[in-house]
Amino acid sequence: MKTMKKFWFLPLLLLGLAACGDDNTEPTQPVTPPAQTQVVICELTAPEANAEFDLAEVEGFEIKGNALINEGAIADVELKVGNTIIEEVDSVPFTYEYTFPAEQELGELEITLTVTGDREATDSRSVTVRVSKSEAPAPEQELTLTLTAPSEGYVWESKNPLTICGEGSANVGEIQSVSLQVGDIAISEVDALPFTYAFTAPEELPEGELVITLTAVGNQGAEATQQVTITHKKPQQDTPTPTPTPETGTMVDSRDGKNYRTVTIGEQTWMAENLAYLPAVYPGADAANSGTAKRYFVLFYEGTDVGEAKQTQEYADYGVLYNWFAANDTESKSGASESAVPSGVQGVCPEGWHLPSKAEWQQLEAYVSSQIEDVEGEFWMDDWGEMHSTEGLKNVWSALTAVGMWDESLATDTYPDLAAGPRDTFGFSVLPAGFCWQTGTFEYRKTETGFWMTDYQQYGGGCVEFRNLQYSISFTKSGYQDRRGYSVRCVMD
């Protein structure tokens, strides 16, 4: 224990000084003064009495203390804050940074310093402060608005209704009112978020730039506006869509010498047959435990002999079924961008060709839609929540599927043109090719087929599907089990 400087009291006057008298008087004996009493004086120099500390502004405060002793040494120092003894303080002088505990109570807080000497002298000093907590100011209300459809710069031909979608939120409170305006036209039907609205152009709506404005007001006075500018085109009258003439060709895969038919559709050149490259073959049961290994299957073939597998009718008709890893020529689940054009992934395709991305499949679908006649049908919603009306429906499935290979479609009022079956208008010749389940079994259905894409989604590989139940082709939102076996179509670089 560190001993502080001592202070001294005046000594007692000595008694028995020589008395005044003649020289014959004998002097008295000196008297020994009594022992001094030990005295301790302590002090708290910080914080000041009645100081106030706001928990919303500070995390703690500084405590300073000292003590003096006249004799002996300081034997014990105790600092107490509220009911808590501060073990770290055991000598004087001291400076201690006190941090409020999580359960700190509000109100008066007493700080007490007690110092004891080695002869049991003691002294205490206390200071009372106040602890408060002010309320944090409420955040200012802010609104977030998004027009999710149509996109900026979209070109809209008004023979079809325009799908407008919007969403929004408030950081505090709630959105009180919503208004939507298309050009100068107020849409009274839209008064809440989120919404999907099919806008039909009136005859007087002019061609050219069209501004869509979404406005919202919050219950605390905040306002927000989101605008998208598109281009409006009026439909051409009495101009029939010409029947496209596909540009066909052939290519040879140098790896195995196999010859493939090709077709140019718009700006893309595709294989018009399923890929049949087979560097190895596995029984279907191997899919169940293959992990991220690349696997190649031939429908219903349960052996491992490549030559034998190539002699089967299923190989001749449908090509090879690849798991997602084989299709992308990888053992990683990272995948590639779904919006890349070109995809940048050669995958299992031959040199000069690549595995198409989702965006490249969508490019094919968009071009085909632009080249074929409208068909009848009812108002419907696609896989992505986009609303479509009875006008401008396109039977893309029929235009891309092989004639004579599919079960008869169950035409409905929603999709009456399915009764016509496949037309293979562009020579793309999609056929139902079967698949291998991740459980290890093969299945063949004459109602659907799938092709792997380059992206990896939440639960597996991206896949595009053709089904004889709807006009459009569909894309997975969360992905399919990457160990499944599906077909591959390659597109030229």
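**Exercise 1. Find which residues form one aromatic cluster in this predicted model.**

Solution. Pick out the rings that group together: W270, W361, F428, F451 and F466 make up one aromatic cluster. Then widen the view to pairs, and the count comes to 23 aromatic pairs.

**Exercise 2. Work out how the rings of W324 and Y456 are arranged, and what the pair ties together.**

Solution. Start with distance: the ring centres of W324 and Y456 are 5.0 Å apart, and the pairing cut-off is within 6.5 Å. Next comes the angle. The planes sit at 75°, and over 60 degrees counts as edge-to-face. So W324 and Y456 are an edge-to-face pair.

Now place the two residues. W324 belongs to helix 3 (residues 324–328), while Y456 belongs to strand 27 (residues 448–456), so the pair ties together parts that are 132 residues apart in sequence.

**Exercise 3. Classify the F435 and W437 pair, then say whether each residue is buried or partly exposed.**

Solution. Centre to centre, F435 and W437 are 5.1 Å apart, with 85° between the planes, and that makes the pair edge-to-face. For burial, the line is drawn at under 20% relative accessible area. F435 comes in at 4%, so it counts as buried. W437 has 22%, so it is partly exposed.

**Exercise 4. Describe the second largest pocket: its space, its lining and the strands that supply it.**

Solution. Volume goes first, at about 310 Å³. The lining has 16 residues, and those closest to the pocket centre are V81, G82, Y98, Q104 and L109. Sort the lining by type and you get 7 nonpolar, 6 polar and 3 charged residues. As for secondary structure, strand 6 (94–99) and strand 7 (107–117) each contribute at least two lining residues.

**Exercise 5. Where does I85 lie, how exposed is it, and what does it touch?**

Solution. I85 is in strand 5 (residues 84–85). Its relative accessible area is 40%, so I85 is partly exposed. Leaving out residues up to four places away in sequence, I85 touches E78, L79 and K80. Finally, compare sequence with space: I85 and T112 are 27 residues apart along the chain, and their C-alpha atoms are 9.4 Å apart.

Technical notes
Residues are numbered from 1 along each chain as its sequence is written. This is a predicted model: local features need pLDDT of at least 70, side-chain atom pairs count only at pLDDT 80 or more; totals for chains, interfaces and linings use all residues. Side-chain values use heavy atoms; hydrogens and water are left out. Rings of Phe, Tyr and Trp (its six-membered ring) pair if their centres lie within 6.5 Å; planes under 30 degrees apart count as stacked, over 60 as edge-to-face and the rest as tilted. Helices (H or I, at least four residues) and strands (E, at least two) are DSSP runs, numbered from the N terminus. Buried means under 20% relative accessible area, exposed over 50%, partly exposed in between (1.4 Å probe, protein chains only). On a 1 Å grid over the protein atoms alone, a cavity is a set of points where a 1.4 Å probe fits but cannot get out, and a pocket is an open set with protein on both sides within 12 Å along at least five of seven lines; lining residues have an atom within 4 Å of a point. Grid points are joined across faces, edges and corners, and a volume is the space filled by probe spheres set on the points. Ala, Val, Leu, Ile, Met, Phe, Trp, Tyr, Cys and Pro count as nonpolar, Asp, Glu, Lys and Arg as charged, and the others, Gly among them, as polar. Contact means heavy atoms within 4.5 Å.
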